[in-house]
Amino acid sequence: MRNQLSKLKPEKLGSICDPIVAVFIAFVVSGLVVVISGGNPLEAYAAIAKGAFGSATSFRNTLRYTFPILLLALSFNLCDKCGYFNIGQEGQMYASALTICWIQRLLGGLPQPLLVVLMILGAMAAGGIVSLIPAALKFLLNINEVVVAILLNNLLISLSTYMLLYSGIAAPKSSVAKSLSIVPRLPLWAVLTAAVGVLAAYALILRSTVPGFRLRMIGMNPAFARSNGLRTVKSMLIVAVLGGALAGLAASGEILSVYHETYSAYADGMGFTSMTAALIGRGNAVGMLLGSLLLGALSGGAVNLSISTDTPAEMVLVVRGFVMLFATVSLLQYFFRPKTGGPGRRRQSRRERTVRKEA
Amino acid sequence: MLPMIQMKGVTKRFGTLLANDQIDFDLYPGETHALVGENGAGKTTLMRILYGQYTPDEGEISIDGKPCSYRIAGAMKHGIAMVHQNFMQIERMSILENIIMAAPPAKGGFIQYRRAEAEVKELLDRFLLSASPGTQIGALCVGERQKVEIIKALYLGARVLILDEPTAVLTPQETAELFGIIAELKKSGKSFIFISHKLREVMEVGDRITVMRGGRISQNFRRGEVDETDIARAMIGKKEISLLKNTIHDKPGPAICSAKNLWYVDGSGVARLQDFSMDIHAGEILGIGGVEGNGQTELIDLLVGMKRASSGQVSLDGQDITRADIRTRREAGIGYVSEDRMNVGLCLDADLNENMICGREQARPFSHRGLLRPSQIAAYVRETAAHFDIRGVGEKGRIKGMSGGNLQKIVLAREISRGPKLLIAAQPTRGLDIGAINFVRARLLEEKKRGTAILLVSADMEELMSLSDRILIMCAGACTGEVTDIASATEEMLGLMMGGITNSAKKEADHA
């Protein structure tokens, strides 16, 4: 037993250290970029930290950026478990936003609480349907879901821009692509609670329920699961819909508690940011929460960075890019692996492989 | 005479596992050195070191008396080539292209196809391969593809050919032909390292026989000095060994599973299964023999429900299950020991508990109202693992890293403890050591006694003949022979059927 424990430890330590090391290296490399562009990296990071956590308002701002990232990271991780690379989250969010706008436009007269519920459910349904399209094509016809999802993203951005300019949901008397205002509001704390609640439920379901068990088995080895009588394709399609619904939930949070309207390309970059959070979290609930918080803080601190230093706010995007890059590569494993040249060398999680393949 | 290859004190560790411990191995020009040992004895590691895939931790390799170290590309320069068990060939490319792939004769950046074709044609003729160099590799049968692999090695200038389990995919006749080729090439000074499980072949083909056990050389023999039991003893290190046999061929019970006129046509329009019919009775072990890739896999897939039959009918216990899905069939009483233990039979990344209950997670007592009950699961697994003698732990709680025998026991435990009416066992003992083989055989015989209908698909003739009550031989997707009188059957007879010569055709030939 003791023997087993001592075997366990370094591995476990590695899996915790990996993302931390990745984030650290990302910050160092980004710091170099700051130096090259004539700034002081320590000052820049201090400004970001102050902008993200310096006051109650700034922390609130950070949390505001964190919740959609967390929900989308969950969506990404859930889909990834079934081998479905959900890169279509932005498209799902646009579809959800449009749905919310149409509900406002057509059913705006309903009592507010009912309207909120309708909007959230509508957004989740829209996200689910959009997510189902590439998944169904993949699992039924073996068409690459990444291509379909990216094309679908572009299609939905265009559709959204068009509707926000020329349809019934366009803001009256506006020349920019913007929606009418969405009346019902949700407080930020409610959305945050929902996001953390979904995270906890996700972790719990995965660990100790029958559907969670099946999902884990299908995720680890679909051929094995299928031969043992699990209905893999059905499960994968359900998961794809759930993933899309989570994106819809993120979209409703954004619109109902932050923007109170929608505009063209409002979800730009959300998909990649959340993917990064999921990668940092390595599928672990706490990890994904911390990852989302980190990326939320980067977004939250960006404004202060440009206000209080000479470094532009876009520097945050550089940091985010490097975090993603280094989180993708499992560094510790690569450098501190016993040099066998044997089976260990090829060991890597399916997630990394998928990312590498898709990239 | 100077040995062509001399490995001295070669040691290789993987973490704490000592895969090769101070191995001395040499090879002289024009000889066949057979390497035998159970799985995990270190044969493959040693050969990978020789082939340049691994670098040894200690020890040295000399080639033609000169010490050297190299990687895979370098191995070829020294004239060492490996004929892998799974051919490294691109099916859509021609024989010619496959052969010249590693070193195409080029002039100014253009491949000189005409020159290459002439050279390859000559080699093909020499090995009595009638196919033209332009034929697609995929169109050849397994024996021919293996010849192409050997030709490829010769074309690239190999002096030493490492043959990794070369006969696993061959009929007895093809095996004899391969041995002929080996003998002929030896005359021209080529050397062979012959890795095999099959002791009889090793004794037939090996000039010297090295037996490995637990990462060490257990014993060296010369041709003619030994018999099978000596080698077997050296392999397992025990005095008495014998494989279990099915001795009770009593009258089987009623038909449990029947297949009627099954056809399966794959995506590219090839009929992989042609009008196949059979009945499996309660308490009967029905063996399915044949060279691999002749429809056995498709037959299993149709019975288990992995694939849908193009036409025909499958019934289990009188109930039509032709269109039923996998779960329904399993619930109706089909157990399945997959030939692909690592990918289909088990989930190596999951733990023992998960592997044991997968597919039954919703049943009592493993869950209640959708919630898993870890303590109940653990108790069940503990009991079953003890009953099936599953030992050892994998890495990080996963079953990955457990020995092949223990892994197969997990599969058997899961499938047998469900109490199946029909147990499909595909290559159930492949790659296992003798102890584990006997364990598997004992379990299958026990199931037979219990009245389970067992379908045994095996490429191992000895296994088929010692376990089956009846044998069906498949060739090109059809049943080409049935053997009901196991006692009087011979491997040669089965071999002829495997080549597609049916009972009646043979009788006609005999008459003529």
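A:Thr209 caps the N-terminal end of helix 8 of chain A, with a side-chain oxygen 3.1 Å from the backbone nitrogen of A:Gly212; helices here are DSSP runs of H or I with at least four residues, strands are runs of E with at least two, and both are numbered from the N terminus. This is a predicted model, in which local features need pLDDT of at least 70 and side-chain atom pairs count only at pLDDT 80 or more, while totals for chains, interfaces and linings use all residues. Residues are numbered from 1 along each chain as its sequence is written, chains are lettered from A in the order in which they are written, and side-chain values use heavy atoms, without hydrogens and water.

**Helix 8 of chain A**
- Because 9 of the 11 residues of this helix (residues 210–220) are buried, it is largely enclosed by the rest of the structure; buried means under 20% relative accessible area with a 1.4 Å probe, protein chains only.
- Among the buried residues are A:Phe213, A:Leu215, A:Arg216 and A:Ile218.
- A:Arg216 also forms a salt bridge with B:Glu354, their closest N and O atoms being 2.3 Å apart, where a salt bridge is a side-chain nitrogen of Lys or Arg within 4 Å of a carboxyl oxygen of Asp or Glu.

**Interface of chain B and chain A**
- Across this interface the rule finds 3 salt bridges.
- In contact, meaning heavy atoms within 4.5 Å, are 36 residues of chain B and 26 residues of chain A.
- The area buried between the chains is about 2700 Å², of which carbon and sulfur atoms give 58%; this is the accessible area (1.4 Å probe) lost on putting the two parts together, summed over both.
- B:Arg327, B:Cys358 and B:Leu372 supply 21% of the area that chain B buries against chain A, more than any other three residues.

Terms used
Buried means under 20% relative accessible area, exposed over 50%, partly exposed in between (1.4 Å probe, protein chains only). A polar contact is a pair of N or O atoms within 3.5 Å; within protein, one must be able to donate a hydrogen and the other to accept it, and residues adjacent in sequence count only if both atoms are side-chain atoms.
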